[in-house]
Amino acid sequence: MEKGILGYIINKAKENEIERIKAQFIPSQKNKPIEEFLPNCGFQKDGDYWIYQSKTQFTIPDFLMVSVE
């Protein structure tokens, strides 16, 4: 599900010609899974942030379909 939501965000950023998406991971017990999620989705560590270059290809898994109504 998270990849579907992230894919939607990335596609909207590309449509709006946004070149970079910046995320900050703040370690806690509750959000521990995101520490692996960001690099697995193409984000690169840059200081205290994770950066996604919109030119990077991101594929929403075939079994997910995200729509906004």
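Which residue in S3 does Ala23 stand opposite? Ala23 faces Trp50.

## About the model

This is a predicted model, where local features need pLDDT of at least 70, side-chain atom pairs count only at pLDDT 80 or more, and totals for chains, interfaces and linings use all residues. Numbering runs from 1 along each chain as its sequence is written, and side-chain values use heavy atoms, with hydrogens and water left out.

## The sheet

Let's start with the strands (DSSP runs of E, at least two residues, numbered from the N terminus). Three of them form an open sheet of 3 strands in the order S1-S3-S2, with antiparallel pairing; two strands pair if DSSP finds at least two bridges between them. Strand S1 (20-23) and strand S2 (44-46) are at the edges with a single partner strand each, so one side of each has no neighbour in the sheet. S1 pairs with strand S3 (residues 49-53) over 4 bridges, in the antiparallel sense.

Phe58 lies in the segment after S3. Its relative accessible area is 11%, which means it is buried (under 20%, with a 1.4 Å probe, protein chains only).

Leaving aside residues up to four places away in sequence, Phe58 touches Lys3, Leu6, Gly7, Ile10, Lys14, Cys41 and Tyr52 (contact: heavy atoms within 4.5 Å). Lys3 is 55 residues from Phe58 along the chain, yet their C-alpha atoms are separated by 9.2 Å.

## An aromatic pair

A search of the whole structure finds 1 aromatic pair.

Definitions and conventions:
Buried means under 20% relative accessible area, exposed over 50%, partly exposed in between (1.4 Å probe, protein chains only). Rings of Phe, Tyr and Trp (its six-membered ring) pair if their centres lie within 6.5 Å; planes under 30 degrees apart count as stacked, over 60 as edge-to-face and the rest as tilted.
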